[in-house]
Amino acid sequence: MRKSLSLLLLCVFFTILANAQSREVNGRVTDSAGNAVSDATVRIKGIKRGVSATADGSFKIGVPAQSSVLIISAVGFETQEIDVSKTSSVDIRLRTAGSRVLNEVVVTALGIRREKRDLVYSAQEVKGESLVAAKQDNVINALAGKVSGVQVTNSTGMPGSSSRIVIRGATSLVGENQPLIVVDGIPIDNTEAGAIDAFNQGPTNVSLNQGSTSNRGIDIDPNIIETMTILKGAAATALYGSAAGRGAIVITTKNGIKGSKPVISVSSSYGINKPIFLPYQDKYAQGIDGQYIDGNNGGLASTSWGPRIDTLKVNGVPVAKHNPQKEFFNDGHTYDNNISINGATDKSRYVLSYSYLKNDGIMAKTDFTRHSLFGKFTNQISNKVTATFQLNYINSLNNRIEEGNGLSSPLWTIFAAPISWNPLPTTNPDGTQRLYRTGRNNPYFILDNTGFVSQVNRFLPVVTLTYAPNNWMSFTERLGADIYTDQSSYHESDKIVNGFFFNNGGVTNRTGNFRQFNNDLIAEAHKQLNDDLFGSLTLGMNIYSQYSENYTQTGLGQTIENFYNVATMSVQNATDILTKYRKVGFYAQANFEYKKMLILGLTGRYDGSSVLSSSKQYYPYGSAALGFIFSELMPSNTPLSFGKVKVSYSAVGNDNLLPYSLTTPFVPATGTSNNINFPFNGQAGFLLTNILGNATLKNESLKEFEVGLELKFLKNRLSFDGAYFDRKTSDLLTPTPVNPSSGFFKYNLNAGSMRDRGIELLVSGTPIHTKDFNWEVNVNFTRIRNKVLKLATGVDKLQFGGFGGGGGVYAFSGLPYGVLYGSKYARDSAGNKLVDDNGLPIIGDNGIIGNNSPDFQLGLVNNFTYKGFSLGFVFDWKQGGDIYNLDNHYNWFYGTPKTTENRDNPIIVKGVYASSGKPNTTQISVQDYFQQVSSIDEAVIEKSTFIKLRSVTLGYTFGQSLLKGSPFKSISLNLSGNNLWIYKPNFTGSDPEVSLQGSGNGQGVINFLTPTSRSFILGLRATF
């Protein structure tokens, strides 16, 4: 007993002595932008023990007196050693990974984490902090300029506007071309409901006349994203099945972070959005041929070809000059707030997040509001079983006004209004609209008497169970859903001229119910097979189902002023469209690594789809890829730190067609059909749709070859990642005309084919790295060439946007996807423009007038840090590509664009007389010239080349010494701006990066769209 007591006292003595000879060091670990690095490991050099940093990056560690160096490491960052012999408090900034760290881990298909050095296909990761810093309502827009091989288009400046993203070009003629979006292993919907098609105009005409709406990617809250991985080629996405043949965006949400107690984070920002106005002439008043027409006192004329306004007087009083855009639009305001709490115990992790976003538009009565609630809980039920439960609820409300070619759009009048016209008051004494011309509406009257509202409630639940019987094998069961309801409504007064409801007034309501369920059962094994060979195997099965219902109810003929209820309208009708879709798949992936140098990846999948022919519902596909890390054969003292060549080939399928395309369904007969008025004698009638079903339809197929090269130099200070791909898609669904005498207009065939070839380059590095100052730069470059190889027999073109059968966006065999087609200048055999005897250009036949595909894209990202300060900016350069500028098509005739301002001297069109072939010598007025060429589609085609300073962010993070004694663990301030500068040398509008058809395939057309904005944002973030 006495001996045991002596031993205990001796242990206590040595423990006290050890503590007396040690001291406590505290600090915080952040990345180069000042963001906390969660789960960074801090240990003492020469001693194995260490601690983990908490959610805000802070740590405390006892350091023995004889030790003075800390080693800080984290996945995706360079390991760093810090001398703490003369300090007890340190701020540590780790160099962010990018492509420069060899052990960087990325999330790939099915949520499988792999070291980037082992990847044998193209993938690029974007950190969640970068997406938050971009301050975009739609997270898709936050990728612009940051990822090679990716083209992002924001449709308009309307709050809640849609965004389109395409990876490596188009893969389908008429189907979806945007990538699959996956959140924590569960595919989610990213479609755009579009404007309400109450009168069966078809999606092309609806978007032309009413504009676009939100794509559902806008529901994703960037505050909950840990990482976003862009999988570019088919070899990278084959495990996901047919929906990912066009690429995939894999989003991984945040997890709870281990710490001594829960960490609360709060962020708030306020932004001012200033509209970028359309350039306009401000010298000439309303009128024709220089003669004034007083629209303020009953004069009616659509044009601004009147006298100079600086000397114009009416009854001896100078006519006031107006700025229609500046008076109509105002500064928008954006409020973005988030609060989150996260933490962990030995067995569990949790994170809760709530975000509130409110964007008040630059146009009155337009706004977008989003509430996002996210919760995620992970528990290690036993040593072998782990469960994760999560739910994301999103509620959004979008109030918008019509855009586009429809006359119930206020932008028709704003962009075409004379500078001499005062639109206020909006009505005359008799209650009619106060107008300066017939056939249009007062824009302020439209704001008060029309409106579109969409309210979405969305649930994204995910349950994941993982059983790991040992350290080399696991089984995962993942069940998730995407469930939302979109309730939309458009109303219009009967006082609107030539509106959507044909001067009768009305309301149309649409309820869209969407339910999507996904289940994966996955078995994984990874094992060192011998000293040289490592292998991993993934086996799985997938069941996917989708249910969609769109119920539309329309009331036409307003009976009660300012009251919009379908029941009060004189005529009511409704449609109810229900679709169901189901897919099953079985997949396998094997990876082998020999001597850390040679990597082989094999993938196979066997899918069955309910939308395909019964004899062709099931189809196999797969990929094979090889990587060779040749730097393993080189000495370690060379400038080349890492080098890898990768090559892959994939052949995948794609069931990219609508449900029930195999059949010819009946549709309700309305109005007069076949000389019979319906309802007939009180009975409803049905007719076969005018699209003939095809029971033999099979999957579209895609074959892709890819070769890539990765290089890292100077101990990973400089990195290069390049890829070349050659992709061919065939058996593409192609609408084909049939003889109208059959009762049908067209039917679908697997007939088309298309090819995309391109290069993607990514260069990144750290030119300067010192103790206090760090500079990181990233340059990405993309060049893609597309060609439609063939369409169906008898099909010379397919249209995706613009005017039906006229000017718009098309596919032609032998030409790139998305050519612009319309009327051309008449020319002689030598290419000279033909003019008539009056000297005016002659309108020729329709033909190819442009191509919306850019020549190349380039993005430049720079980040600088100095102690607590950070500065980052993104440049985005798009070279080439054409735009069909319908604003000029109309406004040239009216005489309002800036290009019509110099009109003092007559002009002579360069060309030859059609009658004689002799050079033209006839002078014409500027008015006659622009009014003539406004009808020639070729004349309004412009280059969409631009260079944008897309974003600038200046931040300051307070050091630990400044926060000592306060309840805060970290505080950072940020001032940022978006769209601060645009260089557009060949475009006469305000912003060439817009699209009338939203996220649809008909890109390259603009027409009376809400201007985009320059944004200035002040933000604060704190943790405690």
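Strand E13 (residues 180-183) and strand E14 are paired antiparallel through 3 bridges; two strands count as paired if DSSP finds at least two bridges between them. Strands here are DSSP runs (E, at least two residues), numbered from the N terminus. This is a predicted model, in which local features need pLDDT of at least 70, side-chain atom pairs count only at pLDDT 80 or more, and totals for chains, interfaces and linings use all residues. Residues are numbered from 1 along each chain as its sequence is written, and side-chain values use heavy atoms, with hydrogens and water left out.

**Confidence**

- The protein has an average pLDDT (the predictor's confidence in each residue, from 0 to 100) of 91, and 95% of the residues score at least 70.
- Where pLDDT is low, the predicted coordinates should not be read in detail.

**Sheet with E13 and E14**

- E13 and E14 belong to an open sheet of 5 strands, ordered E10-E15-E16-E13-E14, with mixed pairing.
- The edges are strand E10 (123-127) and strand E14 (186-188); each has a single partner strand, so one side of each is left without a neighbour in the sheet.
- From one strand to the next the twist averages 25 degrees, taken between lines fitted to C-alpha atoms, with angles from 0 to 180 degrees between N-to-C directions.
- Val182 has Pro187 in E14 opposite.

**Sheet with E2 and E3**

- Another open sheet has 4 strands in the order E3-E2-E5-E6, with antiparallel pairing.
- Strand E3 (50-52) and strand E6 (80-83) form its edges, and each has a single partner strand, so one side of each is left without a neighbour in the sheet.
- The twist in this sheet averages 20 degrees from one strand to the next.
- Strand E2 (residues 41-44) pairs with E3 in the antiparallel sense over 3 bridges, and Arg43 has Gly50 in E3 as its bridge partner.

- Strand E30 (residues 571-594) runs antiparallel to strand E31 (residues 598-609), with 12 bridges; Phe592 is partnered by Leu600 in E31.
- The hairpin of E30 and E31 has 3 residues between the strands, and Lys595 takes a positive phi near 55 degrees there.
- E31 is also joined to strand E32 (residues 618-628) by 11 bridges in an antiparallel arrangement, with Asp607 opposite Tyr619 in E32.

**Cavities**

- The whole structure holds 17 cavities of 30 Å³ or more; a cavity is a set of points on a 1 Å grid over the protein atoms alone where a 1.4 Å probe fits but cannot get out, and lining residues have an atom within 4 Å of a point.
- The largest cavity has about 700 Å³ of space, the volume being that filled by probe spheres set on the points, which are joined across faces, edges and corners.
- Its lining has 45 residues, with Gln151, Asn852, Ser853, Pro854 and Gln857 nearest the centre of the largest cavity.
- E42 contributes the most to the lining of the largest cavity, with 6 residues.
- The second largest cavity has about 600 Å³ of space.
- Its lining has 36 residues, and those closest to the centre are Gln136, Asp137, Asn154, Asn359 and Ser1015.

Terms used
On a 1 Å grid over the protein atoms alone, a cavity is a set of points where a 1.4 Å probe fits but cannot get out, and a pocket is an open set with protein on both sides within 12 Å along at least five of seven lines; lining residues have an atom within 4 Å of a point.
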